[in-house]
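Here is a short briefing to read with the model open beside you.

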Amino acid sequence: MDFYHYFTIGWKTVVLYLVILVIFRLMGKREIGELSVLDLVIFIMIGELAAVAIENHKEPIAHTIEPMVILLGIQVMFALISLKVPKFRQIIDGTPSIIIRKGKIDEKAMKKQRYNFDDLLMQLRQKDINNITDVEYAILETSGELSVIKKDNKKKQQKTYTLPFIVDGEISQENLANRNVSEIWLRRELRKRGYKDLNQISFCSFQDGEFFIDLKDE
């Protein structure tokens with residue numbers, strides 16, 4: 001290989017590194033464990049494009065940067081749609097699954113997520129929980145991380161976790177069912193507190209007997 005070949009590989013590597021760095025910054029700050037399926041697919045595709053471009057030094061670098069920019073556009077567009085359309089966000093990112101509910105393991109939820117007992121015990125150990133009987137709730141997040149709420153043996157009341165009833169003006173019927181309440185009850189309680197237009201509510205949850213309500217920014 002001649003000097004020109006090495007020089008081409010070198011400057012392409014530097015340029016593509018900078019381009020990928022800018023793209024990832026524009027995609028937003030998320031930890032590796034919090035990446036959605038969409039993020040992961042785009043990361044892999046961008047990495048493959050860069051690797052092929054460096055190996056094929058005769059191909060113009062613009063032919064590689066163009067599809068990278070297109071992928072960035074797709075990711076940004078989908079992210080904006082996800083902010084406005086909760087159902088689209090559920091399709092792209094999925095929804096959390098309750099693996100342990102009030103100390104009882106939900107085998108159906110585990111089977112649905114293809115999540116086995118070895119996975120459960122491993123993630124519990126990573127959170128310094130050696131006895132599964134100490135767990136009140138275990139929630140498998142969309143990132144694959146297991147969130148755990150321990151039992152409180154010192155108090156008689158059971159701990160609960162934040163479960164949104166309304167997100168971006170949309171009522172979650174599934175979460176209402178998890179709390180054994182109805183939409184009629186929710187609307188009545190909100191009207192008592194002066195909230196008649198649900199479209200103005202950005203986030204609403206009910207936990208430990210209290211509502212948390214946040215209105216959309218004007």
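Rings of Phe, Tyr and Trp (its six-membered ring) are paired here if their centres lie within 6.5 Å; planes under 30 degrees apart count as stacked, over 60 as edge-to-face and the rest as tilted. With that rule, W185, F206 and F211 form one aromatic cluster. Please keep in mind that this is a predicted model: local features need pLDDT of at least 70, side-chain atom pairs count only at pLDDT 80 or more, and totals for chains, interfaces and linings use all residues. Residues are numbered from 1 along each chain as its sequence is written, and side-chain values use heavy atoms, with hydrogens and water left out.

**Overall picture**

- The protein has eight helices and eight strands; helices (H or I, at least four residues) and strands (E, at least two) are DSSP runs, numbered from the N terminus.
- Of its 218 residues, 29% count as buried, where buried means under 20% relative accessible area, exposed over 50%, and partly exposed in between (1.4 Å probe, protein chains only).
- The accessible surface comes to about 14,900 Å², and 57% of that belongs to carbon and sulfur atoms; the areas come from the Shrake-Rupley method with a 1.4 Å probe, and for residues only the protein chains shown count as cover.
- Taking contacts between residues at least 6 apart in sequence, 46% join residues at least 24 apart; a contact means heavy atoms within 4.5 Å.

**Aromatic pairs and the helices around them**

- The ring rule above gives a count of six aromatic pairs.
- In one of them, F24 and F43 have ring centres 4.2 Å apart and planes at 25°, so the pair is stacked.
- This pair links distant parts of the chain, with F24 in helix α1 (residues 3-26) and F43 in helix α2 (residues 37-55), 19 residues apart.
- F24 is partly exposed at 29% relative accessibility, and F43 is partly exposed at 22%.
- L72 belongs to helix α3 (residues 62-84) and is buried, with a relative accessible area of 12%.
- Setting aside neighbours within four places in sequence, L72 is in contact with I23, L26 and M27.

**The four-stranded sheet**

- Four strands make an open sheet in the order β2-β1-β3-β4, with antiparallel pairing; two strands pair if DSSP finds at least two bridges between them.
- β2 (104-105) and β4 (146-150) are the edge strands, each with a single partner, so one side of each is left without a neighbour in the sheet.
- Strand β1 (residues 97-101) pairs with β2 in the antiparallel sense over two bridges, and I100 stands opposite I105 in β2.
- Helix α6 (residues 117-126) packs on this sheet, touching β1, β2, β3 (135-140) and β4, and its direction makes about 65° with that of β4; axes are lines fitted to C-alpha atoms, for helices over the stretch in contact, and angles run from 0 to 180 degrees between N-to-C directions.

**Helix α8 and its surroundings**

- Which residues of helix α8 (residues 183-192) are buried? They are W185, L186, E189 and L190.
- Seen down the axis of α8, these residues fall within an arc of 130°, so they line one face of the helix; the arc is that of the directions from the helix axis to the C-beta atoms.
- An α-helix has 3.6 residues a turn, so residues three or four places apart point the same way.
- On the other side of α8, I184 and K192 are exposed.
- The cover over the buried residues of α8 includes β5, β6 (170-171), α7 (173-178), β7 (201-207) and β8 (210-215).

**Loops and positive phi values**

- T162 sits in the loop between β4 and β5 (164-167) and is partly exposed at 41% relative accessibility.
- Not counting residues up to four places away in sequence, T162 touches F203, S205 and Q207.
- The C-alpha atoms of T162 and Q207 are separated by 6.1 Å, although the two residues are 45 residues apart along the chain.
- D168, in the loop between β5 and β6, has a positive phi near 55° in a residue other than glycine, and D168 is partly exposed, with a relative accessible area of 25%.
- N180, in the loop between α7 and α8, has a positive phi near 60°, also as a residue other than glycine, and N180 is exposed at 69% relative accessibility.
- Just after α8, G194 takes a positive phi of about 90°.
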